Structure formats: structure tokens, C-alpha cells
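Let's take a walk through this structure together, beginning with a single residue and widening the view from there.

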Amino acid sequence: MKKITQLICVLLTVTSMSAQQEKGIMGYTNWLNNWTEFKPNKVDYGEANQILAGNISVNTKLLKRNIYVLQGNVYVTNNAVLTIEPGTVIIGDFETKGTLVVTKGAQLVADGLETDPIVFTSNRSMKKAGDWGGIVILGDAPINKFGNVGSYNLDLDPTMTTYGGDNVASNSGVLRFVRIEFAGKKVKGLDTFNGLTLAAVGNKTVLENIMVSYAGGDSFGILGGDLNATKFVSYKSVNDDFKFSQGVQCRFFNSLAVRSSYFSSTKDGSRCMEVKSYEKKSETDFTKKQTLVVASNITMVNDSENIKADIQAGLVKEAVYVAENASLEMKRSVISGFNPAVLLDSKTEINDANLKKIKFEEMYFNLCNGNIFTEYNSNNEDLESWYGNSVFFNVMSQSDNKETFIDMFNPKKPDFRLQLGKITASSGNR
């Protein structure tokens with residue numbers, strides 16, 4: 001692959017620029033402004049004055065003037081619509097591990113504003129990942145399990161947590177300008193909740209400008225369905241940032257993942273993006289569509305003072321993992337500071353048919369300990385030869401993240417703004 005000869009802009013362009021940048025998150029204005037929060041443990045959201053508990057079986061609206069505490073497992077049932085006003089704060093209860101479940105046929109309309117986002121957060125004074133459950137949305141779009149039916153129960157009611165069907169265009173509501181903080185509780189003897197779980201969600205569901213920070217599990221867990229996802233932000237999750245499985249068909253655009261060498265897990269199965277067709281092969285119907293993710297303008301960065309030292313210390317893993325029988329088409333994206341950038345399942349035979357299902361074009365690989373490898377195989381000459389072909393326009397660099405990202409998430413800075421791809425402090429109210 002060609003050595004990059006000049007520093008390219010990997011973050012947002014500014015308003016004065018005449019054209020959008022080519023790689024990484026993009027926009028004529030900084031779409032991270034106003035609604036995101038990179039220091040959520042420093043924010044005082046106030047005390048709850050309303051309780052959400054039990055089942056919500058009729059259309060219900062949550063109002064900005066109230067602060068709600070989510071106690072235990074709360075289910076939206078009976079095809080009801082739960083509407084949340086912009087600016088509303090919902091606090092997940094630590095003691096009861098509050099979790100919001102939108103059952104199949106019901107809807108969550110959480111349509112915030114850039115200047116007035118909807119916030120789900122923890123009620124602990126010292127907030128930590130996994131303080132509460134998270135948000136689970138269950139739809140009736142296709143999945144690749146036999147019978148088109150899955151169950152997401154963990155410690156939930158199994159009669160209320162089925163998902164899957166034949167409705168590609170199903171509508172589970174709207175999530176726009178929403179933050180989810182410190183979710184992802186661990187269920188003893190089972191698994192960990194995600195910040196946001198989207199199971200069999202259909203393509204009429206609106207999913208834009210959603211930030212999940214400090215998730216104890218995955219930030220975004222996407223199980224089957226057919227969906228469009230744009231402007232997702234995952235910040236310092238313990239497990240995966242974006243996990244795709246169960247035959248999901250996803251168009252994924254203009255999104256950001258920031259990992260931490262000292263916070264994000266390095267255990268097996270923890271990376272920025274994991275693309276699988278199934279969890280259990282025995283439950284999978286191979287006559288159905290297998291997972292396909294078409295991703296463009298994604299930025300994945302490891303926030304580290306010394307990436308090379310962290311890699312040597314074993315604190316950093318791959319950014320992207322593509323499992324057997326899954327397809328990923330990634331374009332115009334940035335992967336910076338990983339070990340390596342991409343790892344393919346050892347069961348994936350390296351041949352033309354498989355490589356046509358796993359595409360990387362116009363990529364910027366920066367400060368990675370290698371680009372694309374097969375699992376358990378240190379010799380990647382065949383993959384380098386394939387993806388290094390000039391027709392793909394992939395480039396590799398060893399630019400310091402500080403040069404590239406200019407301390408984007410330095411907690412000492414009150415705010416940031418973007419200027420020709422560089423970030424400088426400004427006087428916002430972060």
C-alpha cells in the first residue's frame with residue numbers, strides 16, 4: 001500500500017470549506033456540537049421526581065419538565081407508543097438495574113433536538129459502566145434464525161422479548177439526538193446488556209444522532225433486521241462499539257467510535273466493529289440472508305497517549321472483525337491505532353469469492369500494527385496484495401494521533417471545534 005504523503009483530514013470539515021472531506025466522519029458543520037457529551041460523569045442532571053416502572057400498555061408521553069427514574073424492567077407493550085419530549089432526562093436506577101424494553105409492535109419515539117437532546121443516564125453519584133440496563137428495541141423485521149424468531153431475555157420476561165418476522169419495513173419509532181450513558185448491566189451467569197440493542201428493527205425506524213458512552217457491554221448491538229444508521233457515536237465502551245449479527249442488512253454511515261487502551265476490554269470479542277452472521281451456527285437458516293453491513297465514512301480511533309507502547313503492552317486489539325459467512329463493504333473510513341486494523345475469521349478461506357464479500361476501499365489505516373490479517377496467521381501477504389491494489393485507493397500512515405486528531409477528547413479542554421480537520425479549544429459549555 002502507498003505511504004501517505006501528506007496529512008489528510010480525517011474528521012469533519014468546517015462550514016467555510018467548499019467540499020466535504022473524503023475519509024472518516026464528515027459534514028459541512030460539526031455535527032458533534034451541542035448534543036454530545038464526552039464527560040458525562042461531570043454532569044449534574046438533577047433528582048428524579050417521577051417513576052417509570054412496570055408495563056406501559058397505552059400511549060404515553062414523557063415531559064421535559066420532569067426527571068424520570070427507570071426502575072426495574074419496564075416494558076412498552078400492546079402496540080403502545082412511548083413518546084419522549086426533547087430535553088427529557090431518564091435516569092436508570094442502579095439498585096434495580098432499570099431497563100427499557102420496547103416489545104414487538106410497540107414504538108419508542110425519542111425525537112430530541114441538537115440543542116435539546118434526550119438523555120438516559122445513571123443515578124449513581126460516582127457513575128460507572130454497567131450501572132443500569134439499557135434500551136432494548138424489538139421489531140418484526142427478518143432475522144436469519146429458523147422460524148424467523150429470536151428471544152432476547154437475559155433476566156427479562158421471555159414472553160415479552162421475542163423478535164423477528166417478515167416485515168422489512170417495520171417501524172419501531174424514532175431515536176434522534178439521544179444519549180445513553182453508563183448502561184450495560186452484567187447479568188450473573190449470563191451476559192451483559194448493551195447500551196442500545198436493536199433486534200429485528202425495520203427500515204422505517206429512524207436512527208440518527210445517537211451517542212452511547214461508557215457501556216458495560218456493547219454500545220450498539222444490532223441483531224437482524226433491515227436498517228439505516230447514521231451519526232452513531234460510541235465512546236469508551238467496555239465491549240464492542242458496533243456489533244452486527246443474525247443476518248442484519250445495515251446501511252451504516254458517518255459514525256464515530258473512540259476506544260481507550262485502559263478502559264475498553266481486550267478480551268476475545270471486544271473491538272470497534274464486529275460483523276457476524278450468527279452466534280450459533282446450529283440455529284441459523286442459511287436459506288435466509290446473511291449479515292451484510294455497508295459502511296462508509298466511519299472513524300474508529302484508539303484514544304491513547306502512546307499507541308505504540310499500548311500495542312506492545314497487549315492493551316490494544318483489532319478494530320474490525322469479520323466472521324465466517326458475513327459480508328462487510330467499508331469505504332472512505334479511518335482506522336487509527338489498532339493491532340491490527342482488520343482481522344478476518346480463521347474459517348474464512350482467502351479466495352476471490354470471499355474477498356468480493358469483504359471490501360475495503362478508499363480507507364485510511366493509521367498507526368496500526370498491520371492492516372488486514374486472517375486470525376491466527378501472521379502472514380498476510382495475500383491480503384496485502386489484494387487490498388493494496390491501486391484500484392482500491394487504500395493508504396497507510398504512521399502519523400501521531402495528536403497530529404491527526406489534535407487531542408479531540410482531552411478532558412482539560414472545555415470544548416472543541418474543528419478547523420481543517422484539526423480540533424482546537426473553544427468556549428462552549430461542555
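Ser327 sits in strand β25, which covers residues 327-331; strands here are DSSP runs of E with at least two residues, and helices are runs of H or I with at least four, numbered from the N terminus. The model is predicted, so local features need pLDDT of at least 70 and side-chain atom pairs pLDDT 80 or more, while totals for chains, interfaces and linings use all residues. Residues are numbered from 1 along each chain as its sequence is written, and side-chain values use heavy atoms, without hydrogens and water.

Ser327 has a relative accessible area of 13%, so it counts as buried (under 20%, with exposed over 50% and partly exposed in between, using a 1.4 Å probe and protein chains only). Beyond its neighbours within four places in sequence, Ser327 is in contact with residues including Val275, Thr291 and Lys357, where contact means heavy atoms within 4.5 Å.

Now step back to the chain, which has four helices and 33 strands. Of its 430 residues, 58% are buried. Among contacts between residues at least 6 apart in sequence, 69% join residues at least 24 apart.

Strand β18 (residues 220-223) gives the most to the lining, with three residues.
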